[in-house]
Amino acid sequence: METTAAVERRTEALVENKMKVLVAIDESDGSFCALRWALDQLFSNYPVSPGLELQQQEQNSITLVNVQPLFQPFIYPAGPVIDAVKKAQEENAANILSRALQMCRQKKVKAETLILQGDPKDKICQAAEELHVDLVILGSRGLGTIKRHGIAGKR
């Protein structure tokens, strides 16, 4: 259990350092659990102090990043199928980020969204560097016990 002093130190760090947090979001429960953790642990006790200028308060923010896989048109037949797949990817990303933004609004935390395409591990690292974030939060990969311990596929 976290002590009151620890919460106060974290809150002071947010106010003084203007922390920028990146949370990777996909459709998994693990990513939403990670966002919930960030909101509860990093921002839940953040005071909106009348002594701080609004611009200074808004320096603390969360960027929600969703990475969609690269669309590979050579797998699908040309024409309307390609457009349908692209549209489905866009709708999927929008729905995921909408749900995440709603969680941030409920906690009164400023959040921005970013949709990228490519390999998630590369794009998340690249976004973290380009945005100069202080903290990257990821959920569990969601591997089952067998895959997590490297048992699957070994004979």
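Is Asn66 buried or exposed, and what is its relative accessible area? In this predicted model, Asn66 is buried, with a relative accessible area of 1%. The residue belongs to strand β2, which spans residues 61-68. Its side chain forms a polar contact of 2.7 Å with the side chain of Gln68. Beyond four places in sequence, Asn66 touches Ile25, Asp26, Ala93, Ile96, Leu97, Leu114, Ile115 and Leu116.

Strand β2 is part of an open sheet of four strands, arranged in the order β3-β2-β1-β4 with parallel pairing. On average, neighbouring strands are turned by 25° against each other, direction ignored. The pairing of β2 with β1 (residues 20-24) is parallel and comprises five bridges; Val23 stands opposite Leu64 of β2.

Helix α4 touches β2 and β3, and its direction makes about 160° with that of β2. Helix α5 (residues 120-131) touches β1, β2, β3 and β4, its direction making about 165° with that of β1.

Helix α4 (residues 80-106) contains 27 residues and reaches 39 Å from its first C-alpha to its last, close to the 39 Å expected at 1.5 Å a residue. Its buried residues include Ala93, Ile96 and Leu97, which are also among the residues that Asn66 touches. The cover over the buried residues of α4 includes α2 (29-43), β2 and β3 (111-117). Lys108, which follows α4, has a positive phi, near 60°.

Terms used
Residues are numbered from 1 along each chain as its sequence is written. This is a predicted model: local features need pLDDT of at least 70, side-chain atom pairs count only at pLDDT 80 or more; totals for chains, interfaces and linings use all residues. Side-chain values use heavy atoms; hydrogens and water are left out. Helices (H or I, at least four residues) and strands (E, at least two) are DSSP runs, numbered from the N terminus. Buried means under 20% relative accessible area, exposed over 50%, partly exposed in between (1.4 Å probe, protein chains only). A polar contact is a pair of N or O atoms within 3.5 Å; within protein, one must be able to donate a hydrogen and the other to accept it, and residues adjacent in sequence count only if both atoms are side-chain atoms. Contact means heavy atoms within 4.5 Å. The expected span of a helix is 1.5 Å times one less than its number of residues. Two strands pair if DSSP finds at least two bridges between them. Axes are lines fitted to C-alpha atoms, for helices over the stretch in contact, and angles run from 0 to 180 degrees between N-to-C directions.
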